[in-house]
Amino acid sequence: MSICRTTIVELNSEEDTDALIADYNVNFDAMFPECERSINSRVGPTTIVSNSVYADQEAIEKTGSGARQTFMDKHKDRMKNVTTYVGEVTLSK
């Protein structure tokens with residue numbers, strides 16, 4: 001059963017948003033090799049929605065305290081608010 005982690009990030013400024021997106025795009029493959037699919041949207045000047053799909057709960061947990069936490073810590077001063085949801089994928093096309 002595939003698992004999706006959806007993260008909504010509100011940043012302090014457009015510049016902070018640009019910097020986070022640039023870093024994420026350049027380093028994504030190295031940080032999250034277990035990720036099967038990722039779709040990220042800039043839904044406002046300072047808001048990003050990230051959806052990442054993993055094969056199972058074990059695969060998603062590998063990133064939680066490792067690469068993901070390192071990335072979040074690196075950008076914590078840019079972030080105003082972070083909300084994360086994890087759940088079973090019910091449709092994937």
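Good morning. A residue is called buried when its relative accessible area is under 20%. That cut-off will be needed as we go through the salt bridges of this predicted model.

A search of the whole structure finds three of them. As background, side chains of opposite charge can pair when their charged atoms come close.

Let me begin with Asp23, which pairs with Lys74; their closest N and O atoms are 3.0 Å apart. Is Asp23 buried or exposed? Its relative accessible area is 12%, and therefore Asp23 is buried. Lys74, in contrast, counts as exposed, at 56% relative accessibility.

I turn next to Asp16, whose partner is Arg78, with 3.6 Å between the closest N and O atoms. Here, too, distant parts of the chain are linked: Asp16 sits in helix α1, residues 14–31, while Arg78 sits in the loop between α3 and β4, 62 residues apart. Asp16 is buried, at 17% relative accessible area, whereas Arg78 counts as partly exposed, at 27%.

Finally, which residue does Arg42 pair with? Its partner is Asp18, and the closest N and O atoms are 2.6 Å apart. Because Arg42 lies in strand β2, residues 37–44, and Asp18 in helix α1, the pair ties together parts separated by 24 residues in sequence. Arg42 counts as partly exposed, with 37% relative accessibility, and Asp18 also counts as partly exposed, with 41%.

Thank you for your attention.

Key: Residues numbered from 1 in each chain as written. Predicted model: local features only at pLDDT ≥ 70, side-chain atom pairs only at ≥ 80, totals over all residues. Heavy atoms only, no water. Salt bridge = Lys/Arg side-chain N within 4 Å of Asp/Glu carboxyl O. Helix = DSSP H or I, 4+ residues; strand = E, 2+ residues; numbered from the N terminus. Buried < 20%, exposed > 50% of the residue type's maximum accessible area, 1.4 Å probe, protein only.
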